[in-house]
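Work through the exercises below with the sequence and the structure side by side. Each task is followed by a solution that goes step by step.

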Amino acid sequence: GSQYAFYSVATDQQGNRETAPTTPDAMTSATLTNQSPTLAAVPTQTLDEGDTLQLTLSASDLENSVIRYTLGAGAPAGVVLNESSGQLTWATGEANGPSTNAFTITATDNGIPPARASQLVTVVVREVNAAPVLVAITNYTINEGALLIVTASAHDFDLPTNTLRFRLSSAVPMGITLDPTNGVLRWRPNDLQGPSTNLFAVVVYDNGVPSLSATQQFMVIVRDTRADFTLSLGSTNMLTGT
């Protein structure tokens, strides 16, 4: 970036020296050429959704220029890059998996003019199945012959949402039904099922990989309100006076 001027002065063997010229014999300019920094390649990063990616970018410059780092196009929301240190951080969440994210990182020096280098960063976020949540079920006390209807309520927070199904986890009294798709349990105890105390366990499970489940227990007390037997009287013929 500078200009230089030169002249020469001749001296003979007798020691006579030429007078220095008032103008240079030659002039030259040195052009400033800024070399681009070198940004190290970044291997593919793989992590589970919910984990935090921490990555330190590494750039070097032969001219010892100051390096600044910037995010390029395609960077997911939430990616934070320290422009001075090259420290990249991304706290992933449920909505980030499964996905493959490719974006560029650029290192720019403070030379004149500035020079830059870029690298593609690929981050693979794996889907992690979360267990469904089954709402607690109230205990019940009913009479024999009364119809009990209980609807199990469950939620799945995975994205995309998994399909949920319901089942009973243990042996249950005769007559109980549980709809596997909507979680509706029905039971009308018969005349012989009271008095009794019955502990039920409802299980909800998803279709994730691997499949996960949640269980809620509740109690149903059946009061003995009906006779446990029936009495019938027969008929006979009798003669008058007997």
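**Exercise 1.** Find which residues the ring pairs link into a cluster, and state how many aromatic pairs there are.

Solution. Ring pairs join Tyr140, Trp187, Phe200 and Phe218 into a cluster. This is a predicted model, in which local features need pLDDT of at least 70 and side-chain atom pairs count only at pLDDT 80 or more, while totals for chains, interfaces and linings use all residues. Residues are numbered from 1 along each chain as its sequence is written, and side-chain values use heavy atoms, with hydrogens and water left out. Rings of Phe, Tyr and Trp (its six-membered ring) pair if their centres lie within 6.5 Å, and planes under 30 degrees apart count as stacked, over 60 as edge-to-face and the rest as tilted. By this rule there are three aromatic pairs. For Tyr140 and Phe218 the ring centres are 6.5 Å apart and the planes stand at 85°, so this pair is edge-to-face. Tyr140 belongs to strand 13 (residues 140–143) and Phe218 to strand 20 (residues 213–223), so that the pair links distant parts of the chain, 78 residues apart; strands here are DSSP runs (E, at least two residues), numbered from the N terminus.

**Exercise 2.** Decide whether Phe218 is buried or exposed, and then classify its pair with Phe200.

Solution. Buried means under 20% relative accessible area, exposed over 50%, and partly exposed in between (1.4 Å probe, protein chains only). With a relative accessible area of 1%, Phe218 is buried, whereas Tyr140, at 27%, counts as partly exposed. The rings of Phe200 and Phe218 have centres 5.4 Å apart and planes at 70°, so they too form an edge-to-face pair. Because Phe200 lies in strand 19 (residues 196–206) and Phe218 in strand 20, the pair ties together parts that are 18 residues apart in sequence. Phe200 is itself buried, with a relative accessible area of 1%.

**Exercise 3.** Locate Gln193, and work out which residues it touches.

Solution. Begin with the loop between strand 18 (184–187) and strand 19, where Gln193 lies. At 13% relative accessibility, Gln193 counts as buried. If contact means heavy atoms within 4.5 Å, then Gln193 touches Glu144, Pro173, Met174, Trp187, Arg188 and Val222, not counting residues up to four places away in sequence. Among these, Met174 has its backbone oxygen 3.0 Å from a polar atom of the Gln193 side chain.

Methods
Helices (H or I, at least four residues) and strands (E, at least two) are DSSP runs, numbered from the N terminus. A polar contact is a pair of N or O atoms within 3.5 Å; within protein, one must be able to donate a hydrogen and the other to accept it, and residues adjacent in sequence count only if both atoms are side-chain atoms.
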